[in-house]
Amino acid sequence: MHREAATISVMIHKYCRDKHSSTGELCTECQELVDYARKRLARCPFQENKTTCGKCPIHCYKPGMRSRIRDVMRYVGPRMILTNPILSLQHVLDGLREEPLGYRKHGKNDPS
Ligand SMILES: [Zn+2]
């Protein structure tokens with residue numbers, strides 16, 4: 001769980017730097033997002049035993065935060081594959097996926 005939290009934090013930092021031109025510190029919005037994600041992870045009753053958040057019976061991200069996190073994942077995900085442990089990232093990404101099967105794990109072919 002700790003690694004997952006760290007991964008999210010790193011991703012949001014990168015996203016904020018690239019998208020919001022922040023330097024060093026996160027903008028307010030992104031900071032809020034990190035705090036939120038951490039809190040959700042900390043409170044997840046399944047902790048290490050859960051599969052992924054997507055299969056989790058408790059949908060713990062509220063809709064607004066969920067879509068923001070997903071934007072971050074979409075943007076940063078493909079750019080971090082070489083530099084960060086991808087397992088925890090993939091775990092989170094799978095958990096947030098809402099599209100019915102179709103383009104799974106093509107990575108580079110972002111349909112947007
Ligand atoms: Zn930002």
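Mentor: Cys16 is buried, with a relative accessible area of 0%. Keep in mind that this is a predicted model.

Trainee: Which protein atoms are the donors of the zinc ion?

Mentor: Look for N, O and S atoms within 2.8 Å of the metal. The donors here lie 1.9 to 2.3 Å from the zinc ion. Along the chain they follow the spacing C-x3-H-x6-C-x2-C. They are Cys16 (SG), His20 (ND1), Cys27 (SG) and Cys30 (SG).

Trainee: Which helices hold Cys16 and Cys30, and how many residues apart are they?

Mentor: Cys16 and Cys30 are both donors of the zinc ion. The pair links distant parts of the chain. Cys16 sits in helix H1 (residues 2-20) and Cys30 in helix H2 (residues 28-43), and the two are 14 residues apart.

Trainee: What is the geometry of the zinc site?

Mentor: Ideal angles for four tetrahedral donors are 109.5 degrees. The four donor atoms of the zinc ion make angles of 103 to 121°. Four donors count as tetrahedral if all angles lie between 85 and 135 degrees. So the site is tetrahedral.

Trainee: Is Cys30 buried or exposed? And what about Cys27?

Mentor: Buried means under 20% relative accessible area, and exposed means over 50%. Cys30 has 3%, so Cys30 is buried. Cys27 has 25%, so Cys27 counts as partly exposed.

Trainee: How many disulfides are there in the whole structure?

Mentor: A disulfide is a covalent bond between the sulfur atoms of two cysteines. The search covers the whole structure. The number of disulfides found is zero.

Trainee: What is the phi of Ser21?

Mentor: Most residues other than glycine have a negative phi. Ser21 lies in the loop between H1 and H2. Ser21 is exposed, with a relative accessible area of 58%. Ser21 is not a glycine, yet its phi is positive, at about 55°.

Trainee: Which residues have the most contacts inside the largest nonpolar core?

Mentor: In soluble globular proteins, nonpolar side chains tend to be buried together. The largest nonpolar core here has 19 residues. H1, H2 and helix H3 (63-80) each give two or more residues to this core. The residues with the most contacts inside it are Ile8, Ile12, Ile69 and Val72.

Trainee: Leaving aside neighbours within four places in sequence, which residues does Val72 contact?

Mentor: Contact means heavy atoms within 4.5 Å. With those neighbours left out, Val72 is in contact with Met11, Ile12, Tyr15, Leu33 and Gly77.

Trainee: What pattern does the protein follow along the sequence?

Mentor: The protein has four helices and zero strands. Read along the sequence, the pattern is α-α-α-α.

Key:
Residues numbered from 1 in each chain as written. Predicted model: local features only at pLDDT ≥ 70, side-chain atom pairs only at ≥ 80, totals over all residues. Heavy atoms only, no water. Disulfide = S-S within 2.5 Å. Buried < 20%, exposed > 50% of the residue type's maximum accessible area, 1.4 Å probe, protein only. Donors = N, O, S within 2.8 Å, 3.2 Å for Na, K, Ca; no water. Tetrahedral: all angles 85-135°; square planar, octahedral: opposite > 155°, others 65-115°. Core = buried A, V, L, I, M, F, W, Y, C linked by side-chain atoms within 4.5 Å.
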